[in-house]
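Welcome! Open your viewer, keep the selection tool handy, and let's walk through a few stops together.

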Amino acid sequence: MKFKLISKFNPSGDQPKAINQLVEGIKKGYKHQVLLGVTGSGKTFTLANVIKEVQKPTLVISHNKTLAAQLYSEFKEFFAHNAVEYFISYYDYYQPEAYIPSTDTYIEKDASINEQIDRLRLKATTSLLSRDDVIVVASVSCIYNIGSPEDFKDLCIYIEVAKRCSIDFLTSELVKIRYERNNINFSRNKFRYQGNIIDIWPSYLESFIRIKIEDDEIKYIKEYKPLTNELLYEHKKFYIYPASHFVTTPPKFEEALKNIKLELEERVEYFKSQNNLIEAERIYRRTMNDLELLKTTGFCHGIENYSRHFSGRNPNERPFCLLDYFPKDFLCIIDESHVTIPQIYGMYEGDRSRKQNLVDYGFRLPSALDNRPLKFDEFLGLLNYVIYSSATPAEFEIKISKNRVVEQIVRPTGLVDPEVEIRPAYKQIENVKKEINTVIKNKERVLINTLTKRTAEDLTDYLASKNYKVKYIHSDIDALTRINIIKDLRKGEFDILVGVNLLREGLDLPEVSLVCILDADKEGFLRNETTLIQLAGRAARNINGKIILYADKITNSIKQAVKEMKRRREIQVEYNKKYKIKPRSIIKAVKELEEFQYNARNKHFSEIKDINIEYVNKDNIDETIKILEQEMKKSAELLDFETAIMYREKIKILKEMKVKIKK
């Protein structure tokens, strides 16, 4: 199918000019272009029109999961008949394997995988391998190793009505691609069979496939809803893709085991030559144990560290990633590029420094270093046509695009950049309370931006104690819960959202009419010119939009931000006068996507130093476990792995106590 854009609106304002310039640039072979679009000017709609015109599979990269979800929702609405997919990290909690030489502390990998996100990731890659009309909205996790697309496609099982196939053959093929038989607990990645009927729940679907086989011939292939057994489709043919991205063919698997053993022998000899006998013994025992598990079960804990061998790559060769699943002639859109590009740039070094200790001290073979994100030049080398989209593009984007910057300043709605007020930081909280009372009366919403997560939590607790309906949002809250918080704010379930960095780029919140930026004169990353413009943009979709900067001094960043916002405001005012446009607020429905229906309860966790577990009882044990899990995640994100493992051990003790209490 071709990309078919569905919208009741036609491009207007600066959009037609921007669409034509970007499309013309791609047709002329310009590899890099910048779309400088102010908040509320309809950048996503412009980019959707570009996709429709150029008809290329498209990767949209966002710097955070919440914004990625919003973009996914918008593109899914624009391209309802095409494949719009979502690809972010599937970890709700992730503590990587690490070794701290100074304290001789080894920390085992510990992670919690979100099954729903895992399904969406697999759905994204299967769409890319089976059709051309695909848009994937991804976080920067798209540059991490996910296994070979060739192996993923080659191991796909093709079934067809009237085709010769026995149940024994089909089940053995399913096991090869990581499906498990389970007649009792039938769920995703599982299959079951009785008599001549076999049910398979593909890893990337929310439905299951029922196949009837008689006399070694497929009689029918039907798709059903799991809960109600409602028939959805009857297929003539069907492809069953692997249950994991990390799969390989049997010959490659056997070759990989040989190569792992050869590398092990070389590494043991190296440690012995350096008189590092402990490291030699450690790497030998750990790797031989992994090899034994791989031979008998086809899997071992930390199998991704051997991915270079299973994919047949050479030492130091870049890993396969999501970009490899795209055809060469694809379009890449880097959203909020001024933040996303630096994030991509820094991924490799952070990953490398942690793994180097594991290799140096005999916990992992050197090939583990090749299980990594892309280096920045490798990432650029995989791109074809790129559009950097931002209201505040950085020097890198402008330079690499050779100053080909397409401006989209005019908003079709006629909305003018809100006026900026600067007020003293002294007693800023009391002033904020007065302002939000007016906004709440008008049934509009408020964003309050703080400098730290702790301040955001404390301010939320304070406002809640004054009977305001308020929540906070920051990186300690899992991705799907963040999405629901944003949705609830728009629906009016609460009035005030407090946050730090997640309230900056791209959030589309037309109901927000007031943005309060606390401590705006604290120069730094969170209060530079770019950040202030981005924060102010959250109020640019509402005709009553207002921005208040609380500052005791006017910094250079404040001066430059106010100056740029004034320039943009003047352009919009002139346009409105010329075409006699009366400004109006953006009206946008709140979307309820099934993919993001998630029942995790959002709790306000107060920061704790320690918990004396002797005083835990049956009434508070569940809440105590939740608090400790939150602190464990915080410590892991700060790379304080020693503290994280301490929390994890306490959680284990509490869970054992909980079982005893129930008995």
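Start by selecting Arg490 and Glu511: they form a salt bridge, with their closest N and O atoms 2.9 Å apart. (A salt bridge is a side-chain nitrogen of Lys or Arg within 4 Å of a carboxyl oxygen of Asp or Glu.) Arg490 sits in helix H15 (residues 479–491) and Glu511 in the loop between strand E23 (496–499) and strand E24 (512–517), so the pair ties together parts that are 21 residues apart in sequence. Helices (H or I, at least four residues) and strands (E, at least two) are DSSP runs, numbered from the N terminus. Arg490 is buried, at 12% relative accessible area, and Glu511 counts as buried too, at 19%. Buried means under 20% relative accessible area, exposed over 50%, and partly exposed in between (1.4 Å probe, protein chains only).

A note on what you are viewing: this is a predicted model, where local features need pLDDT of at least 70 and side-chain atom pairs count only at pLDDT 80 or more, while totals for chains, interfaces and linings use all residues. Residues are numbered from 1 along each chain as its sequence is written, and side-chain values use heavy atoms, leaving out hydrogens and water.

Next, select Asp118 and Arg188, whose side chains meet in a salt bridge (2.9 Å, N to O). Both of these residues are buried.

Now try Asp417 with Arg411: their salt bridge has its closest N and O atoms 2.7 Å apart, and both residues are buried.

For the last stop, select Glu97, Arg286, Asp290 and Arg364 together; salt bridges link them in a network. How many salt bridges does the structure hold? There are 40.
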